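Please look through the sequence and the model below. The paragraphs after it go from one part of the chain to the next.

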Amino acid sequence: MLATWVGTQADESFPDAWKTDTAGNTNSRAKVYLSPKLWYLRATVLEAQDVLHSTAPLKEASLYLRAQLGFQVHKTKSVLTRNGTPSWNEDLLFVAAEPFADHLVFTLEARQQHKGPSPIAVLRIPLTAIERRVDDRQVATRWFNFEDPNSEKARYKGRVQLRLCFDGGYHVMDEAAHVCSDYRPTARQLWKPPIGTVELGIIGCRNLLPMKAIDGKGCTDAYCVAKYGPKWIRTRTVSDSLDPRWNEQYTWRVFDPSTVLTMGIFDSSGASESEGEKSATRPDLRMGKVRIRISSLETGKVYRNSYPLIVLTNNGVKKMGEIEVAVRFIRSAPTLDFLHVYTQPLLPLMHHVKPLGVVQQEVLRSTAVKIIAVHLSRSEPPMRREVVLHMLDADTHAFSMRKVRANWVRIINVIAGVIDIVRWIDDTRVWKNPTATVLVHALLVLLVWFPDLIVPTLAFYVFAIGAWNYRFLRSSKAALPHFDPKLSLAEAVDREELDEEFDGMPSGRSPETVRARYDKLRAVGARVQTVLGDLAAQGERVQALVTWRDPRATGIFVGLCFVVAMILYLVPTKMVAMASGFYCFRHPIFRDRMPSPALNFFRRLPSLSDRLM
């Protein structure tokens, strides 16, 4: 008996029903996943006692404590002790996922001369016995007894003083900071009420490229994955279609508007059964990614757009097709509460009270990504590991010469406005446009005699710029901001740079290729070294004004400062400002084409460059 009907997600039988476009594969159905609840586990190792007394052969040894939680391993520094009471006072941070079924294992190891490390004692602490905290209050220390690692009987091998706690006031980062979808702390009692919801309608794709060949025919088994906060969704896998249509809708609660919704399209390796066992080992290939920033969405407006699916490969930029989605943000919080969110810090309080280092936070993020990947791969149907790593941008900080040049172009674009202002001021000084220069003189007189107008004038000028640019927002009918190959410098990138970007760690290329890349990197480093040296020299010249490295120059500068102080004491400030302004904007016939005396004086000041070896 078979019942067939046309339905949508509103039907309660929709999740369990077989769809006609999935080829009957049970792993092709849509599913909602949740990331495990992650905690930071802080283990403070203070000291140990009775260690050498319980280990007679060790009279003097370098001791350290090795802590392990799952695949995470941390070690304290080595301490040389003779009385059996080593002291460390170090913080070790781990990432733990609920439910807490593991044990935190401490192993005391000794390192002697001409010998490798040898375990002395071991301690196992269940995670369920560790205290939780939501702020920076001090947690009481506890003494734990060591046991013999080589004996099943409980033998006293010394004791160690530890301070253990789960820090629920932190947000465990699993995404890159600039594309994060959630900033809430781990502890639920610290959560603030949601400010709205975001609705996502995944309509379908068009003109996808074939990703594999079955029986000599190219095909694609596409599915979409979206992530926002701890909630992941996966659409059903449409089998053997280059224009899949999903028409599925999902919602998420929004707690912060400065977050990003991420979607990715993948080709399933297990949807086609004719590939046999090879499909189990072939990864799900990425076909593109789309990011939508919640703060760019107007309240209540439906954005239905098509986005190009662009992938950067070893051969350059490749367009894999297009995806059509509809997204809408619905605000539920009052207007003032919603605007008040913009004045609040992104990260929870603990990140500011007891901040984590940049390197340490990146290591913890990498650990969190691995834990989430393992957790989601155990679901049914499983979320593949490569899908999770791609969605969470696990390789964001990998070195890329293309990204270095792209970031440099971004810096130039940022300071381009300042450069234009400086160029305009210089043109005004040389009377390139006499009318503009005369108007600047009139504005200078007005601001000097009425200084209370300076701040309001600047504020009104910024308001005018913002109001002028608002017309572009209203008149634009284009899609929301998307990946920009031009900004990424991906359209004209060199093939060698792409090969270097996709090369793993350690490198798998030939020694000659690695040597050539190293020499190129040294050349770039030499230019960076020169720029840093020039910046340091300018700063040292400023310091040399009052440090008497050049006694005559410092004497001249100090004397001029005294004269200027006396003049400013006697002459009204408005007169000095007026005279300085008219002198700065004087006509070119009263100028000398040589650099100014002040600039010549500054360039003659000594720096420490001549002392470098």
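Strand 1 and strand 16 (residues 231-234) run antiparallel and are joined by 4 bridges. Two strands count as paired if DSSP finds at least two bridges between them. Strands here are DSSP runs of E with at least two residues, helices are runs of H or I with at least four residues, and both are numbered from the N terminus. Within this pairing, Leu34 stands opposite Lys231 of strand 16. The model is predicted, so local features need pLDDT of at least 70 and side-chain atom pairs count only at pLDDT 80 or more, while totals for chains, interfaces and linings use all residues. Residues are numbered from 1 along each chain as its sequence is written, and side-chain values use heavy atoms, with hydrogens and water left out.

Which strands make up the open sheet, and in what order? Its 5 strands follow the order 1-16-15-18-19, with antiparallel pairing. Strand 1 (31-34) and strand 19 (285-293) are the edge strands, each pairing on one side only.

Aromatic rings come next. Rings of Phe, Tyr and Trp (its six-membered ring) pair if their centres lie within 6.5 Å; planes under 30 degrees apart count as stacked, over 60 as edge-to-face and the rest as tilted. By this rule there are 8 aromatic pairs. In one of them, Tyr40 and Tyr170 have ring centres 5.7 Å apart and planes at 65°, so the pair is edge-to-face. Tyr40 belongs to strand 2 (residues 38-49) and Tyr170 to the loop between strand 11 (159-167) and strand 12 (196-206), so the pair ties together parts that are 130 residues apart in sequence. Buried means under 20% relative accessible area, exposed means over 50%, and partly exposed is in between (1.4 Å probe, protein chains only). Tyr40 counts as buried because its relative accessibility is 1%, and Tyr170 is buried at 0%. The pair of Phe460 and Phe463 is tilted, with 5.9 Å from centre to centre and 45° between the planes. Both residues lie in helix 8 (residues 454-475), 3 residues apart, about one turn of the helix. An α-helix has 3.6 residues a turn, so residues three or four places apart point the same way. Phe460 and Phe463 are both exposed. Elsewhere, ring pairs link Trp39, Phe100 and Phe166 into a cluster.

Now to the helices. Which residues of helix 10 are buried? They are Arg517, Val524, Ala537, Glu540 and Arg541. Their cover includes helix 6 (401-429), helix 9 (495-501) and helix 13 (597-603), where contact means heavy atoms within 4.5 Å.

Some backbone details remain. The peptide bond from Glu98 to Pro99 is cis, with omega near -5°, and Pro99 is found in the loop between strand 6 (87-97) and strand 7 (103-111). Glu380 and Pro381 are also joined by a cis peptide bond, with omega about 0°. Asn207 has a phi near 55°, a positive value in a residue other than glycine. Asn207 counts as exposed because its relative accessibility is 58%.
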